[in-house]
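Please walk me through this structure. I am new to it and would like a short report on its ligand site, its sheets and its loops.

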Amino acid sequence: MRVLGIESSCDETGIAIVDDGRHVIVHGLSSQADIHARFGGVVPEIASRQHLLTFPTLLRDVMQRHDGDLNLDAIAVTYGPGLAGSLLVGVNFAKALAMAWDLPLYGIHHLEGHVYANWIADGQWDSELRGDPLLPSVALIVSGGHTDIVLVEEHGNYRLLSETRDDAAGEAFDKVARLLGLGYPGGPIIERVAKEATDPVRFPSPLIRDSWDFSFSGLKTAVLRVVNERGGTDALSGEDVANIAAGFQQTAVVGLADRLLEVARATKAKSVMLSGGVAANSALGEEVLRKADMPVWRPRPGLCTDNGVMIAARAAFVIENGAQPDDGSLDAVPSLRMTA
Ligand code: KG4
Ligand code: ZN
């Protein structure tokens, strides 16, 4: 089963071919981060227009690098959740390709895609880990728009057990980076700056008591308070920035890791999986690995952030499970929920 996966839910344009849901044949990715950085975050209309410009050249690049018959069985595309305009460009491009090449088209849930980056055989951060994740598994999905914990019992059968009640973890990284006068996207910059910390600031946990849910807005407000106490963004010294960044990152990472493992133990899961852009954070991976009493699947950073590989990987299992291809009615669903 060879699938071409298309991703354009936010500011990354991705096209990839994956065999059997596990083996990457070609991986094409183009990031718009530099374009949005000057605005301090993703500008939706610019993102859609940029996908429109990038798709044809990225496809040509993927086909040239593949060098031979693509031998495709299907096309798969992210149809939600994400930015409406960005999704529409990807879905429309995928429909045109499927029609031109006479292939079945499958709409893929972006967050399910993130989780299935864990099935990419050579895509693991820890190279000693081989084979499919052990099921049932508990997946932490931490991206710019979501912070979910999902119990995956088997393919296509999962339950949402925890979510954020306000900001997503990635959103908090991006907002805190802005408060500290750092650039966009905030996650990788905070991770780098935090390494210079001498005395990390202590912040309140993002864990809600008596529930498995998260709340990141209190943590973000606590960072704002400390920044204001020290005279505002422009008055912060390099040391202040590093200590606030490290304290925020540590608090976020400990909260995410502790809750993931708490849910995994309570549900007697055989493994845990990390996924989504924030899973590219090495402090998060290390915290989970250090505390876990079960195997941890963790895609390497380039497969944690948005890409076409994860969409093609998820599609292989969706197709295997007997899903019907698009009958022409596939549409973008910006606020698609995480339910099986
Ligand atoms: O999954 P993703 O690429 O896009 C969405 O589906 O939202 O996640 C993007 C988010 C951004 O908020 C970004 O700051 C965060 O992932 N991120 C990180 C790191 N790399 C990306 N957060 C923390 N540490 C990182 N190394
Ligand atoms: Zn994503």
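## The ligand site

An oxygen atom of ligand 1 sits 2.8 Å from a polar backbone atom of Gly144. This is a polar contact, meaning a pair of N or O atoms within 3.5 Å; within protein, one must be able to donate a hydrogen and the other to accept it, and residues adjacent in sequence count only if both atoms are side-chain atoms. The table lists contacts of this kind.

| Residue | Part of the residue | Distance to an oxygen atom of ligand 1 |
|---|---|---|
| Gly144 | polar backbone atom | 2.8 Å |
| Gly170 | backbone N or O atom | 3.1 Å |
| Asp174 | side-chain N or O atom | 2.7 Å |

On its own, ligand 1 has 550 Å² of accessible area, and the protein covers 90% of it. Such areas come from the Shrake-Rupley method with a 1.4 Å probe; for residues, only the protein chains shown count as cover. Around ligand 1 there are 20 residues, and His114, Gly144, Asp174, Glu191 and Gly277 come nearest. A residue counts as near if one of its heavy atoms lies within 4 Å of the molecule or strand.

The model is predicted: local features need pLDDT of at least 70 and side-chain atom pairs count only at pLDDT 80 or more, while totals for chains, interfaces and linings use all residues. Residues are numbered from 1 along each chain as its sequence is written, chains are lettered from A and ligands numbered from 1 in the order in which they are written, and side-chain values use heavy atoms, with hydrogens and water left out.

## Two sheets

Helices (H or I, at least four residues) and strands (E, at least two) are DSSP runs, numbered from the N terminus. Two strands pair if DSSP finds at least two bridges between them.

One open sheet has five strands in the order E3-E2-E1-E4-E5, with mixed pairing. Its edge strands are E3 (23-31) and E5 (105-109), each pairing on one side only. From one strand to the next, the twist averages 20°. E1 (residues 2-7) and E2 (residues 12-19) run antiparallel and are joined by six bridges. Glu7 has Gly14 in E2 as its bridge partner. Helix H3 (residues 84-101) packs on this sheet, touching E1, E2, E4 (74-80) and E5, and its direction makes about 160° with that of E4. Contact means heavy atoms within 4.5 Å. Axes are lines fitted to C-alpha atoms, for helices over the stretch in contact, and angles run from 0 to 180 degrees between N-to-C directions. Helix H11 (residues 308-320) lies across E1, E2, E3, E4 and E5, at about 130° to E1.

Another open sheet also has five strands, in the order E8-E7-E6-E9-E10, and its pairing is mixed. E8 (157-163) and E10 (296-297) each have a single partner strand, so one side of each lacks a neighbour in the sheet. Six bridges link the antiparallel strands E6 (residues 137-142) and E7 (residues 147-154). Leu140 stands opposite Ile149 in E7. Helix H9 (residues 282-291) lies across E6, E9 (271-275) and E10, at about 175° to E9.

## Loops

A cis peptide bond joins Gly80 and Pro81, with omega about -10°. Pro81 lies in the loop between E4 and H3. The bond from Tyr184 to Pro185 is also cis, with omega near -5°. Pro185 lies in the loop between H5 and H6 (186-194).
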